[in-house]
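Let's learn to read an interface between two chains together.

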Amino acid sequence: MDIRIENLTKRYGPQTAVNNISFEVKPGEILGFLGPNGAGKTTTMKMITSYVNIDEGNIFIGGKSIATDAASLKKHIGYLPEHNPLYLEMAIMDYLGFCASLQGVSKSEIPARTREMIRVCGLNQEKHKRIGELSKGYRQRVGLAQAMIHDPEILILDEPTSGLDPNQIVEIRELIKTLGRQKTVVLSTHILPEVEATCDRILIINKGNIVADGTANTLRKQAKGQEVLQVTIEDGDPQEIYSKLQSLYTSQLVDLVPEQPHQFLIESVTEMSSKREVFKLCVQNNWVLSELTPLETKLEDIFRDLTLN
Amino acid sequence: MDVIWTIAKKELRSFFDSLIAYILLGAFLIFTGFLTWIYGLGGGSDIFMRGQADLRVFTEVAYWVLVVFIPALTMRLLAEERKTGTIELLLTKAVTNRQLVLGKFLACVLMIGIALLFTLPYYITITTLGDVDHGVIICSYLALLLMSAAYIGIGLFASSITDNQIVAFLITFFLGLIFLVVLRFTTATLSGSMGSILNYLNFHTHYEGIARGVLDTKNLIFFFSIIFLTLQLTQLSLAKRQ
């Protein structure tokens, strides 16, 4: 099932939480939803899960509109809300059974599904406890387990790794990645390395508007059209190397790295690469090229660029 | 129906898990037992002194106890779900507002039903004491259950408009005092069109009507419309969040 969002708008009083956004998520795709607090991520997710009503626009899941077919569509969605609300007084097994039965899992399949989720989410040692006795990380796992209990085709995860320790984060990311091969996954997060590690596509949203949409690589290219190389060239006079690098037709700007006499930063002319020219230059002059690293714009910088204005 | 039953079962279970059920059952049985069999309502009106094999004292005491206990039962139903955010969890599953409200309502009515069931030994004892009008007793149980159901509807609605359980309790209790208690004693003094509206809303008249052993449709309609109306309002109040 795919998700298609068309001109979605949501207002709270005078405030526009989500402003006319459109995007699509295909099956087998993991979409990372990024944005500062209050950007409209959670509101969008709540509209996809039909917890809040849509003001304008529409959401189609598998071709059916959420406005008219919410009741039947909800069975295909697994949702982990922000802050992961849970019934603390319930035992894990009972809780998962309860969720399964609400989602229409047949009575005979519930024990198997519950066991499966306990295994997948690593809850085996804790399975007889009440949810209130669990640590935050384990509660998060219970939250994920209830979202996936009915094997939904669509997973909406609002900050799935919050509160987990680094090992658990890696595990949960792996889990999401594995699941993402067959399902349509939308996840929101503040943690930038997380989107890079898990998501096929990134959507950055700011003040209710989509400000960027693409893979981590395309976003980098968009953010910075020019290639930046960090090179170290030895066995030559730094002054001479500097002037020759600057005279390359592909280089726009060459910078010296302070306290590293043989290291230079080369910014190429837009849409050109200086890699080959630098290599040729070294060969011609018998210099030793001991480092040539393309510097990537960090996702953090892109994020800041796009959301800080 | 499956979903409603799943929610009702979970809710009933949490009554028993959180001791509410035991406190309710304990207090209900102690109060009604003590006043029915030992003390009576006012000097020497316990069942042995009355010289009549009926459950008038029991139903009267039960009526009063329910006025206090039903708000305690209903106050957390939706208020707590709103406060902890679990309502989002429920309503994003394949659950409609209606199913959620009906499930919670059913759980409370069943809880009161269980409490009443525990008083069946009273009935059995009475039958050994003398000639019992079985119709009247069955009707008074029915009247208690219907009155409770309507009052639960009010409580459920109160619980849906706030995320504070105390507020939900107070609203329900206050409305209960007016419709179940105050109006009962002011009936005679009210006149005019306003008076007749208030008299119509007096739960006790309708309750008494059924408890006397007459299944007058007028009284049944009253309770069923209160139930229908309050449950409808509760659904509306849930839908408003969107």
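Q: Which residue of chain B forms a salt bridge with Lys46(A)?
A: A salt bridge is a side-chain nitrogen of Lys or Arg within 4 Å of a carboxyl oxygen of Asp or Glu. Here Lys46(A) pairs with Glu88(B), and their closest N and O atoms are 3.9 Å apart. Across the interface of chain B and chain A, the rule finds two salt bridges. This is a predicted model: local features need pLDDT of at least 70, side-chain atom pairs count only at pLDDT 80 or more, and totals for chains, interfaces and linings use all residues. Side-chain values use heavy atoms, without hydrogens and water, residues are numbered from 1 along each chain as its sequence is written, and chains are lettered from A and ligands numbered from 1 in the order in which they are written.

Q: How many residues of chain B are in contact with chain A?
A: Contact means heavy atoms within 4.5 Å. By that rule, 21 residues of chain B touch 24 residues of chain A.

Q: How much area do chain B and chain A bury between them?
A: Buried area is the accessible area (1.4 Å probe) that two parts lose on being put together, summed over both. For chain B and chain A it is about 2,300 Å², with 58% of it on carbon and sulfur atoms.
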